Every structure is written in structure tokens, then in C-alpha cells.
Amino acid sequence: PKTLISDCNDASLSATIFLNTKSSYVSSAQIELQYNTNNIYNFSIQPSENNLFQKYLLEENSINEVRTEYGRSSFVINSNEAYTGDRAIATISFNTYPQTASSSTQIKFLNKSTAIRENSRESILKKTIPLTIICQK
């Protein structure tokens with residue numbers, strides 16, 4: 001989803017990140033996210049079940065770091081096989097701090113996010129869409 005609506009009263013939320021490779025084959029993806037630590041805590045990111053890279057995930061060169069003090073997350077997923085399609089690659093989970101009034105916040109992709117074409121260092125990533133969390137009272 002591009003938008004989640006919640007009461008944000010210490011809510012536990014999650015969202016799936018999808019990658020559409022069109023007709024290109026990719027063997028790795030790097031997801032760099034930023035969020036507001038005044039609104040979001042307990043942030044994590046994991047490979048999605050049945051993700052694009054299927055069962056051929058490589059542990060080597062994979063990264064899963066959350067820097068809570070900066071509201072940043074780095075996630076790199078690699079495969080020894082290249083895949084094409086429009087499938088999930090990761091799931092983010094997080095909690096929202098209670099809000100006193102209606103508000104919104106976003107989890108945004110940073111420019112360092114990439115999806116690497118097979119046998120290349122070229123990224124096929126053309127566009128990212130932030131996740132907007134709307135807190136309704």
C-alpha cells in the first residue's frame with residue numbers, strides 16, 4: 001500500500017515493499033529508507049515470504065541495519081540467480097507513537113536505493129513511492 005490509515009495509538013503496523021523489474025532480470029536490491037523517529041519506533045525490515053529472489057538468497061554481502069537514532073534503514077538482498085517480475089522483496093514492521101491530533105508521516109526511499117541488473121552494476125530502479133501513514137483521531 002502507498003497509504004496506511006491508523007489511530008496511531010501505539011499501533012503496530014507493517015507494509016510490503018514490491019519491486020517491478022518489467023522485463024529486466026535482477027540479482028540484488030538495496031533498500032534505503034528514512035523515517036521520522038518522533039512518529040515511528042521499533043522499525044524492522046525482513047525479506048518477504050515468497051520474495052522475488054525466491055529460495056536462492058545469499059547471506060554473504062547481505063545487509064540489514066536499522067539506525068534508530070537517525071531514523072534510517074539499510075537492507076540489501078542478493079541472489080545467485082537473477083529474476084524478473086513484480087513481486088514482494090521485503091516487509092517493514094514498525095510501531096507508531098500515540099498522537100494527540102490527526103497527523104501524517106512518511107517512510108521514504110533514499111536515492112541510494114537500487115535494483116541491480118543481472119551481470120551489470122546498472123540499477124533498473126526508475127521510481128520509488130513513499131509510504132504515508134495517516135493518523136486519524
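Biologist: How many aromatic pairs does the structure hold?

Modeller: The model is a predicted one. Rings of Phe, Tyr and Trp count as a pair if their centres lie within 6.5 Å. On that criterion, the number of aromatic pairs in the structure is three.

Biologist: What is the angle between the planes of Phe43 and Phe94?

Modeller: The centres of the Phe43 and Phe94 rings are 6.4 Å apart, and the pair is classed as stacked. Planes under 30 degrees apart count as stacked. For Phe43 and Phe94 the angle between the planes is 20 degrees.

Biologist: How many residues apart in sequence are the parts that this pair ties together?

Modeller: Phe43 belongs to strand S4, whereas Phe94 belongs to strand S7. The pair therefore links parts of the chain whose separation in sequence is 51 residues.

Biologist: Are Phe43 and Phe94 buried or exposed?

Modeller: The term buried applies under 20% relative accessible area, and exposed applies over 50%. Phe43 and Phe94 fall in one class, and that class is buried.

Biologist: Which residues form one aromatic cluster?

Modeller: Phe43 and Phe94 form a stacked pair. They also belong to an aromatic cluster with Tyr35.

Biologist: Over how many bridges do S4 and strand S7 pair?

Modeller: Strand S7 covers residues 86-96, and its pairing with S4 is antiparallel. Within S7, Ala90 has Pro47 standing opposite. The number of bridges between S4 and S7 is six.

Biologist: Why does Ile89 count as buried?

Modeller: Ile89 is a residue of strand S7. Beyond its neighbours within four places in sequence, Ile89 has contacts that include Ile17, Leu19, Phe53, Phe75 and Ile77. The limit for a buried residue is under 20% relative accessible area. Ile89 counts as buried because its relative accessibility is 3%.

Biologist: How far apart in space are Ile89 and Asn42, C-alpha to C-alpha?

Modeller: Asn42 is placed in strand S4, while Ile89 is found in S7. In sequence, 47 residues separate Ile89 and Asn42. Their C-alpha to C-alpha distance is 20 Å.

Biologist: What is the phi of Asn42, which is not a glycine?

Modeller: Asn42 counts as exposed, with a relative accessibility of 54%. Although Asn42 is not a glycine, its phi is positive, at about 55 degrees.

Biologist: Where does Asn119 lie?

Modeller: Asn119 also has a positive phi, of about 55 degrees, without being a glycine. At 76% relative accessibility, Asn119 counts as exposed. Its place is the loop between strand S9 (114-117) and strand S10 (131-135).

Biologist: Which residue forms a salt bridge with Arg67?

Modeller: Two salt bridges are found in a search of the whole structure. In the one with Arg67, the closest N and O atoms are 3.0 Å apart. Arg67 is partly exposed at 22% relative accessibility. Its partner is Glu65.

Key
Residues are numbered from 1 along each chain as its sequence is written. This is a predicted model: local features need pLDDT of at least 70, side-chain atom pairs count only at pLDDT 80 or more; totals for chains, interfaces and linings use all residues. Side-chain values use heavy atoms; hydrogens and water are left out. Two strands pair if DSSP finds at least two bridges between them. Helices (H or I, at least four residues) and strands (E, at least two) are DSSP runs, numbered from the N terminus. Buried means under 20% relative accessible area, exposed over 50%, partly exposed in between (1.4 Å probe, protein chains only). Contact means heavy atoms within 4.5 Å. Rings of Phe, Tyr and Trp (its six-membered ring) pair if their centres lie within 6.5 Å; planes under 30 degrees apart count as stacked, over 60 as edge-to-face and the rest as tilted. A salt bridge is a side-chain nitrogen of Lys or Arg within 4 Å of a carboxyl oxygen of Asp or Glu.
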